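Subject: Structure handover

Dear colleague,

My notes on a pocket and some helix contacts follow it.

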Amino acid sequence: MSLASILLYKKEFGKNGGLTKLAKIEQKGRGIGIRKGFWWNTAAVTADAMQSMVILSCISYRLGIGDAGIFSIGYALANLIATVARYGVRNYQVTDREARGIFQDYVVSRILTVCLSWGGVSVYLLFCHMLLNYSLYKMYVIWLICLYKLIDAMEDVFVAFYQQQGALEKGAGIMAVRLTSSTGILCGLLLLTGNMIVTLWSGILFSAAVDVMLFGKQLKGNRVFLSSVSIKNVKRILKDCSALAVATSISMYVGNISKYMIDWYMSEEIQAIFGYLMMPTFCIVLLSRFIYQPMVRNIGILWQTNERKSLRKIMFQQMLFILAVTIPAILIGILFGIPVLNLLFNVNLEAYKTEFAVLFLGGALYAISSFFSVLLTVMRKQRVIADIYIAVSVCALVSGKNLLGKYGIRGASVLYFLVNLGIGICFMILLLKYLREKG
């Protein structure tokens, strides 16, 4: 059971042990269902976080460092496009009391954002081909990677639907199965054929088929899903989440800004090395997501019931948990992580221990700021999140070229650390302010 659930449970029982009205409403979604949701979410998040590392390892062995660099920037861009397509709706949908009755409107809004994102990345890649000297091969491979990750974005609206109903295990279970099986197919075909194009098309078709089959089976005969679409609700969702869309998209952009700048100013080999060093930082983000994603719905209830102390406690506990995991992880990573990465990717990274440690710290700060953004989203402070991300990204763009030009990979690592430090500090100050104001 999540920390938020435990805190809420204590609130709901009076001195005489009697359930309050709120407790009776929420009781059904607890117990076994919460534990199942936690473990299936853990499996899904693990599969998602490990996917890039596993595929990149296969590419490094089968095709070499050049293709590894293309995949590294392609996967970073694909995650950005998938984030744009999600439109920041996930946590908003999960905490929306009307989400069940207007689920079909959430689906339609997601179809629109996915299609627009697909068109946008196509135009961007044509721009890169003309002005950044992308080869046709590189452009096509990255386009396919983006198409593959857009399936994640479409799937997300269904996973959020089940989480909002207190049945996260259903949606997360399908997500875990789809990600694990498609990653296995991608790696198997890649090692067998050595052809990125054939491999990616196979992964796209397989993933789409799995989602259609499994979610179709779950939703078969669901009257809510089959009810008519309200254009008014679709517009409301897109309007209410517009600031969230900007915030989450810029968050993803800032999280990978070093990779984008390497793509603009440096070689694909440097891109691959930076991608190798970045891989372990996602372990911190992964552990953080294990804890807070199943809590989102209950965090929303705590905010609605004015449980300021409980929210502050959750905020600091999550922050301390991430930092407590990070410090020993850096030491272990320097001693054992670099040799493992050398073996995993068939490279020599011994000269990059400092960069490795700086990136690890940056990953911890990214995880903390991501959790803070969830809290701010629950408080419906979407616009202030967007404003902070925009301000930080502008600063990063201004200073990034000089850092990379003077210090190379070390400069890219420092940029990643400073960006996430600035965001985390701003978010924490705002959270403390809003938690005091809530009355």
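What volume does the largest pocket have? It comes to about 360 Å³. The model is a predicted one, in which local features need pLDDT of at least 70 and side-chain atom pairs count only at pLDDT 80 or more, while totals for chains, interfaces and linings use all residues. Residues are numbered from 1 along each chain as its sequence is written, and side-chain values use heavy atoms, with hydrogens and water left out.

A pocket here is an open set of points on a 1 Å grid over the protein atoms alone, where a 1.4 Å probe fits, with protein on both sides within 12 Å along at least five of seven lines; lining residues have an atom within 4 Å of a point. Its volume is the space filled by probe spheres set on the points, which are joined across faces, edges and corners.

The largest pocket is lined by 17 residues, and Ile-151, Met-154, Glu-155, Asp-211 and Val-212 are the closest to its centre. Two or more lining residues come from each of α6 (103-131), α7 (136-164) and α9 (196-219); helices are DSSP runs (H or I, at least four residues), numbered from the N terminus. The lining holds 14 nonpolar, one polar and two charged residues. Nonpolar covers Ala, Val, Leu, Ile, Met, Phe, Trp, Tyr, Cys and Pro, charged covers Asp, Glu, Lys and Arg, and the others, Gly among them, are polar.

Now the helix pairs. The axes of α7 and α8 (residues 168-193) come within 7 Å and cross at roughly 160°, with axes fitted to C-alpha atoms over the stretch in contact and angles running from 0 to 180 degrees between N-to-C directions. The two helices are therefore roughly antiparallel (over 145 degrees).

Ser-258, Lys-259, Ile-262 and Asp-263 of α13 meet Ile-270, Gln-271, Phe-274, Gly-275 and Met-278 of α14. By class, these are four nonpolar, three polar and two charged.

Helix α4 (residues 65-86) packs on α13 at about 130°, with the axes 10 Å apart. On the α13 side, the contact uses Lys-259, Tyr-260 and Asp-263.

Regards

Key. Contact = heavy atoms within 4.5 Å. Parallel < 35°, antiparallel > 145°, perpendicular 65-115°, else oblique.
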